[in-house]
Amino acid sequence: MAAPAKSTDASISVTTGQSATVSAVEDVPIQYSLILDHLIGDKRQIKDLNPTVMGALPSPQKTKEQKMIESGMESCAFKSLIACVGGFVLGGAFGVFTAGIDTNIGIDPKDPLRTPTAREVLRDMGQRGMSYAKNFAIVGAMFSCTECLIESHRGKSDWKNAVYSGCITGGAIGFRAGLKAGVLGCGGFAAFSAAIEYYLR
């Protein structure tokens with residue numbers, strides 16, 4: 001009678017030992033889970049990309065002069081100056097081109113039958129080119145300055161900046177001829193700016 005009792009106790013001890021072993025194995029995380037946590041989990045450490053690690057040459061540190069030049073080139077005043085110069089050149093070229101295809105250039109209104117001289121034609125072409133250049137320079141500087149200020153105020157660089165700037169520029173130019181002209185100028189410049197932004201982006 002004592003032998004079966006021993007076997008029963010042995011079986012219970014074996015079963016208890018197996019369950020303890022299984023529970024201990026279940027408590028230990030699998031290595032695969034550790035690898036996943038390390039690669040894509042929260043335990044992954046964020047490291048800064050170093051160009052030298054990827055085989056690229058290290059970029060030298062910027063000096064104070066370089067930082068000052070970059071900040072100056074990104075300022076609204078510099079952008080407005082560049083737009084003013086670009087508008088002046090573009091407007092002058094456009095004015096000279098339109099004067100070149102105009103058949104009435106150089107003709108004296110007092111004597112329309114007289115053939116104009118080359119000097120008179122060149123003088124009229126220069127005057128028209130200068131007029132166009134001034135207008136384009138003013139519009140370019142106003143548009144660029146207002147767009148830069150709006151972008152700095154909003155903190156975003158999207159198509160809305162150009163639309164707002166176009167409306168302000170067109171309205172400011174049109175208001176010299178009245179309220180209706182200012183509203184039309186605002187809408188026209190805003191639509192034109194939106195079309196250009198849509199085409200460029």
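A disulfide is a pair of cysteine sulfur atoms within 2.5 Å. The exercises below apply this cut-off to a predicted model.

**Exercise 1. Which cysteine does Cys167 join in a disulfide, and what is the handedness of the bond?**

Step 1. Check the sulfurs. Cys167 and Cys186 lie at an S to S distance of 1.7 Å. A disulfide joins them.

Step 2. Read the torsion. About the S-S bond of Cys167 and Cys186 it is about -55°, so this disulfide is left-handed.

Step 3. Cys167 belongs to helix H6 and Cys186 to helix H7, 19 residues apart.

Step 4. Assign burial. The limit for buried is under 20% relative accessible area. Cys186, at 18%, therefore counts as buried. Cys167, at 25%, is partly exposed.

**Exercise 2. Describe how helices H6 and H7 pack.**

Step 1. Locate the helices. H6 covers residues 159–174 and H7 covers residues 179–200.

Step 2. Take distance and angle. The two axes come within 7 Å and cross at roughly 150°.

Step 3. Classify the angle. Angles over 145 degrees count as roughly antiparallel. H6 and H7 are therefore roughly antiparallel to each other.

Step 4. The crossing of H6 and H7 is right-handed.

Step 5. List contact residues. H6 contributes residues including Trp159, Val163, Gly166, Cys167 and Gly170. Among those from H7 are Ala181, Gly185, Cys186, Phe189 and Glu197.

Step 6. Sort by class. The H6–H7 contact has nine nonpolar, eight polar and one charged residues.

**Exercise 3. Find how many disulfides there are, and give their pattern.**

Step 1. Count. The rule gives two disulfides.

Step 2. Describe the pair Cys76 and Cys148. Their S to S distance is 2.0 Å. The torsion about their S-S bond is about -80°, so the disulfide is left-handed.

Step 3. Cys76 sits in helix H4 (residues 76–100) and Cys148 in helix H5, 72 residues apart. Cys76 and Cys148 are both buried.

Step 4. State the pattern. Counting bonded cysteines along the chain gives 1-2, 3-4.

**Exercise 4. Is Ser144 buried or exposed, and which residues does Ser144 touch?**

Step 1. Locate Ser144. Helix H5 (residues 118–154) contains this residue.

Step 2. Apply the limit. Ser144 has 14% relative accessibility and so counts as buried.

Step 3. Name the partners. Leaving out residues up to four places away in sequence, Ser144 touches Lys79, Ser80 and Ala83.

Key:
Residues numbered from 1 in each chain as written. Predicted model: local features only at pLDDT ≥ 70, side-chain atom pairs only at ≥ 80, totals over all residues. Heavy atoms only, no water. Axes fitted to C-alpha atoms, helices over the stretch in contact; angles between N-to-C directions. Helix = DSSP H or I, 4+ residues; strand = E, 2+ residues; numbered from the N terminus. Parallel < 35°, antiparallel > 145°, perpendicular 65-115°, else oblique. Left-handed = near helix turned anticlockwise from the far one by under 90°. Contact = heavy atoms within 4.5 Å. Nonpolar A, V, L, I, M, F, W, Y, C, P; charged D, E, K, R; others polar. Buried < 20%, exposed > 50% of the residue type's maximum accessible area, 1.4 Å probe, protein only.
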